[in-house]
Amino acid sequence: MGDIPNDTANTEDAQTPVSLSGMIVTLVPVLITSAIYLAIFLVLRKSNRRYYAPRTYLGSLRENERSPSLSSGLFSWVKDFWKIPDVYALQHQSLDAYLYIRYLRMAVTICFVGCCITWPVLFPVNATGGNGLKQLDILTYGNIDRDTQYNRYYAHVFISWIFFGFVMYLIMRECIFYINLRQAFLISPLYSQRISSRTVLFTSVPEPYLDEQRLRKVFGASVKNVWITRETKEVDELVEERDKVAMRLEKAEVKLIKVANKIRQKAMSKGDVSDVDKQAPLDAESGSIAARWVPRKKRPTHRLGPLGLIGKKVDTIDWCREELTRLIPEAEAAQDKYRAGAFKKVPGVFIEFRTQADAEGAAQILAHHRGLHMTPKYIGIRPSEIVWKSLAIPWWQRVIRRYAVYAFITAMIIFWAIPVGVVGIISNVNYLKTISFLTWLDKIPGFILGAVTGLLPSVAISILMSLVPVVIRICAKLAGEPSLSRVELFTQNAYFAFQVIQVFLVATVASSATAVAKQIYDNPGSVTNLLAENLPKSSNFYISYFIVQGLSIATSVLTQVVGFFVFNLLYKFLANTPRALYTKWANLSAISWGSTMPVYTNIVVIALAYATIAPLMLGWATIAMGLFYLAWRYNVLFVTDTQIDTRGLIYPRAIKQLYTGIYLAEICMIGLFGASVAPGPLVLMVVFLIFTILFHISMNAALNPLMYNLPLNLLAEEEGPLLDTPVDSHTAENGLDGEPRNGINPPTGANYTEKVPSNGTNGAQSRAEDPILAAKEAIDASRHQPNHVTGKKPNFLVKFLMPWIYSDYNTLRAYLPKGVHLDAYSEEVERDAYCPPNVTSDVPLLWIPSDANGAGVSRQEVEHTSRVLPITDEGCELDEKGHLVWDREGTRPPIWEEKIYY
């Protein structure tokens, strides 16, 4: 036992802290890579507006959804970018988009305030602790000599109280802010008059209540429409086969036109061609114009066997036209059969109510006398987000599936610990060199070993974790989640558990255990002292992890260099039809809330857990989250679009998950005080842990109901005037008495179009012309104008401490978009809103390029194919080089459809 000092003395090099060298070795290549990516971005941004600023001009976006253009200068755009407030995302994109970047900003705030609280006190306390650690390890808890300097632990206790108390209050404050903003946003006429805001999905509906008359009897005269879901297998098969054949026909038509014009171009270059033949009658034999240039054997063909590899070879165009002649009537017959109620009912029912208040009331009441029947209920689900297969799952199967999915995810967490644990071991490979069969590690050059222990584990963790969300989303659908928004929320929770357990706990335990494995093996009695000293050393890995995440990953999020080249590759070489070009060009990328939020939440959790153990972590976390905030802010404002709408629920989940970091930090501190035999700090930390638990429980009890439901009193106040009084612009903007509502002019009306007043008062015209000014005025109204309750202008501290007054419902209404309202829904849209998509799917319009200036094949193909299904050659032309040319700026091709805001 007494040989420990001698053994460790003989391996002094092995015990040399890796913090400084590992940090530098990790930082240098990451800085170089990030600088290169940033330079490429600055160059490409000027000339590739579609990829780096599509929200500024794309025709697929409405005017009120677009962002202002940035300067084309190399660096001058930064000033323009910084002038745009975050609330612009709320007014011109979605609630989720705004809350996403707000969450990143709150993460930066937490980490930065943590630096301001911990560094001035704990750095000098730890650095002069007298335990003999070196380099950056002197700044950690482990540098305090527990035998002579144990009173210094009180500094860690009281700093923990201050910092964690601030974080808990911030969490509560942001929950209150979210509740008030969500209420203001969802109750505003822009959102409340959407069908989804008035429609409730009831799952696990018993057979007797799959009847419209009985449902109307239960919910009364407030019911407007009822959609009882039915099995769609037959409809799905026919419609999907019809669309598949139609798309094959479209590709074949485009290929034929391209081949004909290519052969014709070659003939023209030889001077032995005339254009007389392209004036041939359009009603001549099918393919007669193309036949002059394209021999029969060169026409598009395919085989009818599996995968198109075996079977009879047929002419694709002729075969598709013949098949569509059969499939189109059969698909329409199946759709009519569904509408007539001929298919089996499934236990999923959508009920549209006349008002949002009626819908919220129905969603909050007990609908059936038996447990697990007509529940769970969901409101605000958009038709495009519905997972239709989940609606057919009965209540008992839903319970079994959910527990089976939980068991699978738990098992995946356990087995995923093996590769993650290996990564943790690699991060502390220096401490393994003292083990007899691993002494060969000492022969590896120091530079290479530094890169292996610093850079490799961080990159490996990032890659390993990227595979998990895909599996979790599949599990969510199998568990019966009825919508894509619910799938994202399920993924957010499960992936966060993965992040905490694998990226943090497993890697921390493996990293700390390997650091002291030799000493524990030689002297098991010293385990508590060794763990207290070496647990802070596991922060080495996370310093490297934050560097990689903050610099490399954040830079790649902003620059998207790899994605840029992939986009151009797909667009220029793999998009061979007008439809493929348009789809790739007009559709914006979307943020996957469920797989991005947990990553950043986990970074903050790690920073909180190490806040008083290794305070330097907070500095790197601040830098990392600051860079992520800037990168995602740019993407949200200029690049991405919102495809899945959780109605802001991603925010409270993420912000409340930060309690995990507080609990882990407090438990770690209790364990360290126990290992360091410091009873005074131990008792104080236990007391604070109990306080944290009670605060958390009380906060959830008070705020949770408000996070997921809308209060009926506000709904009654807002909907009453709209129901009792005709809505005109004056009443809608100012209220029934003609006075502005709390000094704020919320948008109202029944349509979603941009409404620009001709000579508005109070700056209305300037706001319409300058959306950035409108966003800034919204923020100024909440920050600097006298509060409607107190009548006083709040200062920063008062506003932070009292969000229930200074960030209340009436105040946050100023954040809402101005001058925009919904278009009235057509009868057809209202009738079919919550019908399965294949039931309402029309025969697709085929879109082929025109070659009127070439071989003239397209005109005849349109004439003949239109006898079977709609087809057009407008909006796209084939140039002399055989390239497809279309109006990319307007983005209103024949297949474009107006977006319906459900």
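Before the numbered points, one term: a contact here means heavy atoms within 4.5 Å. The structure is a predicted model, where local features need pLDDT of at least 70, side-chain atom pairs count only at pLDDT 80 or more, and totals for chains, interfaces and linings use all residues. Residues are numbered from 1 along each chain as its sequence is written, and side-chain values use heavy atoms, with hydrogens and water left out.

1. Let me start with Leu618, which touches Cys111, Gly114, Cys115, Thr118, Phe163, Ala607 and Ala611, leaving aside residues up to four places away in sequence. Leu618 sits in helix α23, residues 616-638; helices (H or I, at least four residues) and strands (E, at least two) are DSSP runs, numbered from the N terminus. Its relative accessible area is 0%, so Leu618 is buried. Buried means under 20% relative accessible area, exposed over 50%, and partly exposed in between, with a 1.4 Å probe and protein chains only. The C-alpha atoms of Leu618 and Cys116 are separated by 9.6 Å, although the two are 502 residues apart along the chain.

2. Stepping back to the whole protein, you will find 36 helices and 12 strands. Of the 902 residues, 56% are buried. Among contacts between residues at least 6 apart in sequence, 81% join residues at least 24 apart. The accessible surface comes to about 38900 Å², and carbon and sulfur atoms account for 61% of that; these areas come from the Shrake-Rupley method with a 1.4 Å probe, and for residues only the protein chains shown count as cover.

3. Arg45 deserves a look. This residue of helix α2 (residues 19-47) is buried yet has no salt bridge, and the nearest side chain of opposite charge, Asp80, is 7.6 Å away. A salt bridge is a side-chain nitrogen of Lys or Arg within 4 Å of a carboxyl oxygen of Asp or Glu. Lys and Arg count as positive and Asp and Glu as negative, while His and the chain ends are not counted. Beyond the residues up to four places away in sequence, Arg45 touches Tyr52, Leu70, Ser71, Ser72, Gly73, Trp77 and Tyr634.

4. On the surface, Lys262, Lys266, Lys270, Lys297 and Lys298 gather in a patch of positive charge. Patches are made of residues with over 30% relative accessible area and no salt bridge, with like charges joined within 9 Å and nonpolar side chains (Val, Leu, Ile, Met, Phe, Trp, Tyr) within 5 Å; a charge is placed at NZ of Lys, CZ of Arg, CG of Asp or CD of Glu. Lys262, in helix α10 (residues 233-269), has a relative accessible area of 56% and is therefore exposed.

5. Helix α13 (residues 356-364) has seven of its nine residues buried, so the rest of the structure largely encloses it. The buried residues in α13 are Gln356, Ala357, Ala359, Glu360, Gly361, Ala362 and Ala363.

6. Some backbone details are worth checking. Most residues other than glycine have a negative phi, and most peptide bonds are trans. Thr375 and Pro376 are joined by a cis peptide bond, with omega about 0°, and Pro376 lies in the loop between α13 and β6 (377-379). Leu372, also located in the loop between α13 and β6, has a positive phi of about 65°; its relative accessible area of 43% makes Leu372 partly exposed.

7. Finally, Val677 has a positive phi near 55°. This residue is in the loop between α25 (659-675) and α26 (679-708), and its 59% relative accessibility means that Val677 counts as exposed.
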